[in-house]
Amino acid sequence: MKRLSISLLVFFLTSIAFAQDKYINSMQSAIAQLYSAQAPADFDPVINTLTRIGQAEPDQWEPHYYVALSQVFKSFRLQEPSAKDAVLDQALAAVKQGTVVAPNNAELLALEGFTNMMKLSVDPATRGQSYTPRIMAAFGRAMALDPTNPRAALFMAQMQIGTAQFFGSSIAEPCQLVQKSIGLFDSFQPNSPISPMWGKEMVKEYAGMCTQTSGQ
């Protein structure tokens, strides 16, 4: 009887490990397709794949995160404001689904703020007053939950730089946060092979902007 119990336990643990490996492999394949997508239509099959994974893995937040990220990246390739808005709304809906699974997740909060920042950029004059507080709150919560998260720090710096430029103010203070985010990216240790790791190329753009400003 004891041997049977041990065999069942081994079988159970092996099944869990196999299921986890299958999930990780499926996610890695979808993420690779996401990062190689170019045209707006390229993102649709990725979104569909990630949506199916999310349905099959209801306890995992990552599929919802990458669905949202796919929508955000897709919005970068769109020109029509209404089309951008529609895609970004879908991204926010995916973030919300992920938040149900992982309520206090710094990555989801950072992406929520970033998505709303993209919606603000569609019409900054009209949306600035209503969107800015919720964006800053999302980034602030993300940074408080995980002070080592490089994306949260970078996005907060982006928001602060954009706000300062809009009002014609100095960007010296947010540029300090840009420098901090560089260090966070360099020391970032992902929790798993499918943890978010994007943004390092983006920080270089803002670091260059800060260098040019300080040199003037």
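The model is predicted, so local features need pLDDT of at least 70 and side-chain atom pairs pLDDT 80 or more, while totals for chains, interfaces and linings use all residues. Numbering runs from 1 along each chain as its sequence is written, and side-chain values use heavy atoms, with hydrogens and water left out.

**Exercise 1.** Work out whether α7 is enclosed or open, and what sits at its ends.

*Solution.* 
- Step 1: find the helix. Helices are DSSP runs of H or I with at least four residues, numbered from the N terminus; α7 covers residues 150-166.
- Step 2: check burial. Buried means under 20% relative accessible area, with a 1.4 Å probe and protein chains only. Since 12 of the 17 residues of α7 are buried, the helix is largely enclosed by the rest of the structure. Among them are R151, F155 and I161.
- Step 3: look at the ends. N149 caps the N-terminal end, with a side-chain oxygen 3.0 Å from the backbone nitrogen of R151. Just after α7, G168 has a positive phi of about 70 degrees.

**Exercise 2.** Find which helix gives the most to the lining of the largest pocket, and describe that lining.

*Solution.* 
- Step 1: pick the helix. α7 gives the most, with 7 residues.
- Step 2: sort by type. The lining has 11 nonpolar, 9 polar and no charged residues; Gly counts as polar here.

Terms used:
Helix = DSSP H or I, 4+ residues; strand = E, 2+ residues; numbered from the N terminus. Expected span 1.5 Å × (residues − 1). Buried < 20%, exposed > 50% of the residue type's maximum accessible area, 1.4 Å probe, protein only. Polar contact = N/O pair within 3.5 Å; in protein donor to acceptor, adjacent residues only side chain to side chain.
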